[in-house]
Number of protein chains: 2
Amino acid sequence: MDAQTFPEFSTNYPLLLTTFMKRPVRYYPDQIGVVYRNHVSGEYQRFTWREWHQRVSRLAHALQQLGIAGGQPGRLGDRVGTMSYNTHRHLELYYAVPCSGAVLHPINIRLSEEHIAYTIEHAHDSVIFVDDVVLPLLENIYDRIKDTVKTFVYMSDKPGLPDTRIPNLIEYEKLIADQPAAFDWPYLHEDTIATLCYTTGTTGQPKGATFSHRQLYLMTLHGMARQSIANTPDFVQAERLGENAVPMLNTPLFHIHGWGSPFSTVFSAQKVVLPGTFTVRGFCELVEREKVTSVGIVPTIAAMLLEFKDFDQYDLSSLVNVGVGGGALPLGLKTKLEKALPNFRASSGYGMTETAPVAIGAFVKKHMVGWSKEAIDEVMVKTGLPSLGLEVEVMDEHGKPVPWDNQTVGEIVIRGPWVTREYYQSPDKTAEVWYDGWFHTGDIAKVDAEGFVVIADRLKDVIRSGAEMVPTVLLENLIAMADFVLEAMVVGVPDPVWGEKPMAVVSLRPGMQATEDDVIDFLEEHGVQTGKITKWMLPKLVAITPDLPKTSVGKFNKKAVRENLAHYLAFARDTARQPA
Amino acid sequence: MDAQTFPEFSTNYPLLLTTFMKRPVRYYPDQIGVVYRNHVSGEYQRFTWREWHQRVSRLAHALQQLGIAGGQPGRLGDRVGTMSYNTHRHLELYYAVPCSGAVLHPINIRLSEEHIAYTIEHAHDSVIFVDDVVLPLLENIYDRIKDTVKTFVYMSDKPGLPDTRIPNLIEYEKLIADQPAAFDWPYLHEDTIATLCYTTGTTGQPKGATFSHRQLYLMTLHGMARQSIANTPDFVQAERLGENAVPMLNTPLFHIHGWGSPFSTVFSAQKVVLPGTFTVRGFCELVEREKVTSVGIVPTIAAMLLEFKDFDQYDLSSLVNVGVGGGALPLGLKTKLEKALPNFRASSGYGMTETAPVAIGAFVKKHMVGWSKEAIDEVMVKTGLPSLGLEVEVMDEHGKPVPWDNQTVGEIVIRGPWVTREYYQSPDKTAEVWYDGWFHTGDIAKVDAEGFVVIADRLKDVIRSGAEMVPTVLLENLIAMADFVLEAMVVGVPDPVWGEKPMAVVSLRPGMQATEDDVIDFLEEHGVQTGKITKWMLPKLVAITPDLPKTSVGKFNKKAVRENLAHYLAFARDTARQPA
């Protein structure tokens, strides 16, 4: 418009990850910002924010030297793949790559080798940064990707290169050592793509979701804003940790931005504690030494901690904010955790790769602060309220929002500032999820009277019994609350009368004894009698088995059960009950 | 790009004030959202969020009926002027106007009538909404604006129209009464201009700063995010009010978005308490009845409250968050306030119309939480740290940031997501402030070792004494801390040796006795000896006078002193001191 205005520094000032990175080095240059514990050697590395930022700057120079080109809106920069645990180097890559205009592709090293190779080929990664302990995996797939990837960078705390069949391996520390310690970070356009993250279902090839700087910036900022309006129940001692929170990043950074933690923690100038990958000893040691205050864990990790023989030897009293999510928490485990970690709090949430991933989270509404601990605990594990700034609806088959009756189910649809726009180079896949102005999650939920979205099922797993839909995830989460249950899965079995009827496939915890009827009794007591499910949803068949089939990323593989139905039906017990 | 993507619902999802408005009505429809107390009649009006949103929707329909057209990026929608105190209707206008695409012009009714008429003409307001108590002011300027403004809307708690010379006056309540209670809020482009706010200096005509939806959204969101990383000093009882905060909006909504309060409070679904305009009784009554938790006041209001005869009759214990800003706080007043309002906290900040206005604010850095109350009090009234998301620098004359030495002064320059892009239809004025990629504030500051920006002066008021600059605002704030001082101003007086020398013009508090030397003694003790100023900055002249000249908006009018210098020099006393 006018030559005297600067829209790029006012109305259209770009929302960039660079802003997050610059803050701690400006205001806390000499404070420790990043702590890494090598989960193999147990050795520590500690960096002030200035040192960390200098390493990020050196890395940005090195990327340029490697010929990595930046992008712009509509044209992706070169892709940089990482095969790495939660290390300081991975965190350096999380900033150096996007802030210099290139695209970070955090490779999910828990995928099958076939899928890993596929994503590298599909993303067309120019360079791959690999941890020393992950090198064998890279060697296994090397032949399939060697024509695509030009350079491999080896990240290790020990100097020197290992014996390897990969010819063009360079050392990370040598690569950055002689680079300038300052980098002139560009004012990119905020729509420049920052990351490419692949999602996997149980079928088909992985799909790549792209995210721009703007999207990641806004996800982070809305998350922080939501914290500022979090309501604290009366029975909870209010804690305002602010910048003095010490988060430990347990969620792998190769799982969809580590749930956003590399962004919010750096912008908040909080000391970031990186454990490599989770080990019980590493967890306890880091909490004690670094006075970790905040950590999110999944039920499996919680169980491992409680069983750790040296658990009592550590002082974990700094932990004031322990969220347990990612699955249903068995009631017995919950009781034990409350004793062992007084500040632990179970909470549910929902997100997916395509939502970067923050979408729905536990929330105590303003009129609930006076409720009892039991009532609040119930609220916290109801899936939750949409994130601030996202539009989330549960739609019926006609595209109308379902009533907030805690009963009618529909598909969760989402739109908002950080929902992925498209799958990279997959317009057909994009068209399957983006239509009518909404991203369709394929997940089924109901909405209660308070507006809580409660996940009920995957669309493709839902069981249609008569005119009704049986919500399998809801059932699975209920069954998993039984102390005798290790894991549970519910699938539909063809039925001449109802079309389909639900069958529960259950594995028991080691050393536990239980019958098929115990499963139904538990559901009666904790599901039907509490109003969470109705009687007709009870599984008509229960199959107890030592192992549940899983996908390569550890999700339940319901498809495998449906394809081997005869196997399960052979030992499943009929649990249908007559009306009393 | 691709027909199957929806950038308007993903990568480019618009950041709109509409999002703020929709949240409370969705999640708290039946809770009281807005409380208004008429400061003349003392009567109350209370609205649930549903009722409030219905009124906003009816108003949006009415605006359409009045022919108010929306805008788009690069073309402003029709301007809607308001001449109103802090009422529920003003808050309705704050959303109905921008969210339907038009431009809100909150007219500063404390300007001179000439300036008010000028801004209405310059903005070319199509319609003006006026409070009943402000009608006489509108009548006074009616002849000057009647050819521009097509419609006048009269806002009153009492039905019926008054006798008036304004022919085309319509009643607000009648206007909206029969409109539909739901409005299909458009997904505007986020760059659509939402507000037009005029700024005044001591010279020249007011200039109009424009703000887009995106800008106001981002200012609000960054402000909320900053709250989430606020560090609480150890001696302060942590309070997490969240959505249960009850803010009273004291800052007039016609002062640059009421400092942002209409946005953050609504998005946070906090009960918004509107006092019309400040009265001591209204303040105390609203705090007691509505259990107000959070309020910001200026020193003058604080003094009025303490002198209120019925002050002790009210229960103000709900107030847990009392910020005092907007000027230096006399030491005696501070002590009294701490007794009367145990949760009061003095804090400084800096903002201007052009920054919408949030720019710099008090902040306790992470390593300061263990400091003593006295040390923290000092930190809180140092001007502060830049707002999260804004770039703020103090630049020397060569465009280089000054060192963080708490001494070297330079001009504050700012850029970031919510700095105004331009003065409306004033490219020349815009070019005076926007150059070299920075908005130039015209304010002088220094930066201390922690990065705190400390306001020292206005560029045009700065006194050049020899090769040094005397920071007049710093001196004024110090003098105002003396209990015997009501107000203080420091201006430069021509001097044959130094070029200029500082003269303090001081008024005393009623009933207080003090001499010119007392002023200098106070500065020696609280300024020189504490290291806040150097000895050579001490005023060489002090003039004690009953009244300080002010501009129409109540700012000190230094220009008037400089133009009447002989008058002040006639009774000023020489206070120059010999080196000891």
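Reader: What makes A:Lys365 a charge over the face of B:Tyr28?

Author: In this predicted model, A:Lys365 lies 4.9 Å from the ring centre of B:Tyr28, over its face. A charge sits over a ring if NZ of Lys or CZ of Arg is within 6 Å of the ring centre and within 35 degrees of the ring normal. B:Arg415 likewise lies over the face of B:Trp438, at 4.0 Å from the ring centre.

Reader: Why is the pair of A:Phe484 and A:Phe522 called edge-to-face?

Author: Rings of Phe, Tyr and Trp (its six-membered ring) pair if their centres lie within 6.5 Å; planes under 30 degrees apart count as stacked, over 60 as edge-to-face and the rest as tilted. The centres of A:Phe484 and A:Phe522 are 6.4 Å apart and the planes stand at 85°, so the pair is edge-to-face. A:Phe484 lies in the loop between helix H14 and strand E24 of chain A and A:Phe522 in helix H15, so the pair ties together parts 38 residues apart in sequence. Helices (H or I, at least four residues) and strands (E, at least two) are DSSP runs, numbered from the N terminus.

Reader: Are A:Phe484 and A:Phe522 buried or exposed?

Author: Both A:Phe484 and A:Phe522 are buried, a word that means under 20% relative accessible area, with exposed over 50% and partly exposed in between (1.4 Å probe, protein chains only).

Reader: What makes B:Trp49 and B:Trp52 an edge-to-face pair?

Author: Their ring centres are 5.6 Å apart and their planes at 85°, so B:Trp49 and B:Trp52 are edge-to-face. Being 3 residues apart in helix H2 of chain B, B:Trp49 and B:Trp52 are separated by about one helical turn.

Reader: Why is the relation of chain B to chain A that of a two-fold axis?

Author: A rotation of 180° with 0.0 Å of shift along its axis superposes chain B on chain A, with an RMSD of 0.1 Å; that is the relation of a two-fold axis. The copies are superposed by least squares on the C-alpha atoms of residues with pLDDT of at least 70 in both.

Reader: What makes B:Arg26 and A:Glu393 a salt bridge?

Author: A salt bridge is a side-chain nitrogen of Lys or Arg within 4 Å of a carboxyl oxygen of Asp or Glu. The closest N and O atoms of B:Arg26 and A:Glu393 are 3.1 Å apart, so the pair qualifies.

Reader: How are residues and atoms treated?

Author: Residues are numbered from 1 along each chain as its sequence is written, and chains are lettered from A and ligands numbered from 1 in the order in which they are written. Local features need pLDDT of at least 70, side-chain atom pairs count only at pLDDT 80 or more, and totals for chains, interfaces and linings use all residues, while side-chain values use heavy atoms, with hydrogens and water left out.
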